[in-house]
Amino acid sequence: MLKFIAKRILQAIPLLLLISFIVFSLIQVAPFDVIDSLTTPNMTPEQVAILRQQHGLDQPFLTQYFIWLKNILTGNFGNSMITQHSIAADLAEKIPNTVSLVLPAYLTALLLAVVLGLLAAANRGKWVDKAVDAFASVGIAVPTFWFAMILIYLFGYRLKFFPFIGMHTLGKERDLGDFMAHFILPYLTLIMASMPRLLRYIRTSAIIEVDKDYVTVQEAFQSHRKDIFSRHIFRNISIPIVTQIGMALPMLVAGAVITETIFAWPGVGPYLTSATKALDYPVIMSVMLLSAILVILGNLLADVLYSIVDPRITRGGAK
């Protein structure tokens with residue numbers, strides 16, 4: 001197992017370096033840079049040149065890249081060019097806020113998708129299956145921002161059950177009940193943003209398994225339907241489920257930009273949105289790079305979980 005993981009990590013290092021170069025290059029070819037957001041109409045060209053020199057933008061492209069990469073490898077993401085705050089400190093504050101919202105919502109969505117997907121596959125063609133499939137279709141079609149607005153209007157504005165701005169009420173930052181009240185609406189929004197696609201994916205995977213010969217054999221031996229699904233079909237659809245878990249890992253940094261922005265949740269999403277509007281490229285590059293790293297780690301996590309679900313994958317990958 002350790003040899004398998006080490007091999008995957010070594011394979012990921014060149015890819016991470018390539019991604020870092022691509023991220024830096026894309027920012028460099030953008031039509032505007034951060035100096036455009038710092039300058040004013042009454043500034044002279046000499047003053048603009050001084051600003052570029054202060055931020056190292058007068059250096060050659062490769063020099064800028066290697067300085068940036070060296071700082072990243074030492075944990076120094078630099079400072080925001082707009083606020084002058086440490087990006088690492090900002091992310092250390094905002095990433096836990098994003099994780100506290102995204103992780104419970106995604107796990108809940110995944111659990112519900114597995115249960116409903118297996119239920120639909122077990123009743124293929126019946127009203128239960130049709131109802132689940134219709135729910136997934138509607139959920140995929142409904143935009144996240146529209147569903148969030150409906151929740152805000154009904155439960156926040158009309159019924160006033162839940163607050164819908166921020167993560168805490170001012171002065172109640174350590175009040176768990178206040179946190180949960182703010183948590184409910186974005187939590188439900190993220191569940192509905194993730195669950196329909198997961199549900200459709202798992203339902204399809206389970207139906208494919210139902211049509212296979214081993215299920216026919218189990219039915220011929222009069223195995224209970226529940227046992228067939230819990231012991232055999234669920235085990236065989238575990239790999240597609242693991243794939244979805246690995247793909248979801250980047251959300252822990254990139255966050256749910258739309259949901260966090262709508263509810264003013266102080267996570268990475270609004271932080272990235274504000275940086276994009278202000279052309280704050282150091283922040284944009286840091287978040288993009290962290291997201292890319294989590295994509296690689298997500299694939300690594302999926303590979304490790306594959307080897308746990310099916311040890312034959314480890315033996316094949318170690319050759």
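Both Phe-24 and Trp-68 are buried, meaning under 20% relative accessible area with a 1.4 Å probe and protein chains only. This is a predicted model, where local features need pLDDT of at least 70 and side-chain atom pairs count only at pLDDT 80 or more, while totals for chains, interfaces and linings use all residues. Residues are numbered from 1 along each chain as its sequence is written, and side-chain values use heavy atoms, leaving out hydrogens and water.

Back to those two rings. A search of the whole structure turns up 14 aromatic pairs; rings of Phe, Tyr and Trp (its six-membered ring) pair if their centres lie within 6.5 Å, with planes under 30 degrees apart stacked, over 60 edge-to-face and the rest tilted. Phe-24 and Trp-68 have ring centres 5.3 Å apart and planes at 35°, so they make a tilted pair. Since Phe-24 sits in helix H1 and Trp-68 in helix H4, the pair ties together parts that are 44 residues apart in sequence.

Here are some of the helices (DSSP runs of H or I, at least four residues, numbered from the N terminus):

| Helix | Residues |
|---|---|
| H1 | 2–28 |
| H4 | 61–73 |
| H5 | 87–122 |
| H8 | 176–210 |

Now for the core. The largest nonpolar core has 36 residues, and Leu-118, Ile-202 and Ile-233 have the most contacts inside it. Such a core is a set of buried Ala, Val, Leu, Ile, Met, Phe, Trp, Tyr and Cys residues joined through side-chain atoms within 4.5 Å. H8 gives the largest share, twelve residues. Apart from this core lies another of 25 residues, Phe-24 among them.

Notes:
Helices (H or I, at least four residues) and strands (E, at least two) are DSSP runs, numbered from the N terminus. The expected span of a helix is 1.5 Å times one less than its number of residues. Buried means under 20% relative accessible area, exposed over 50%, partly exposed in between (1.4 Å probe, protein chains only).
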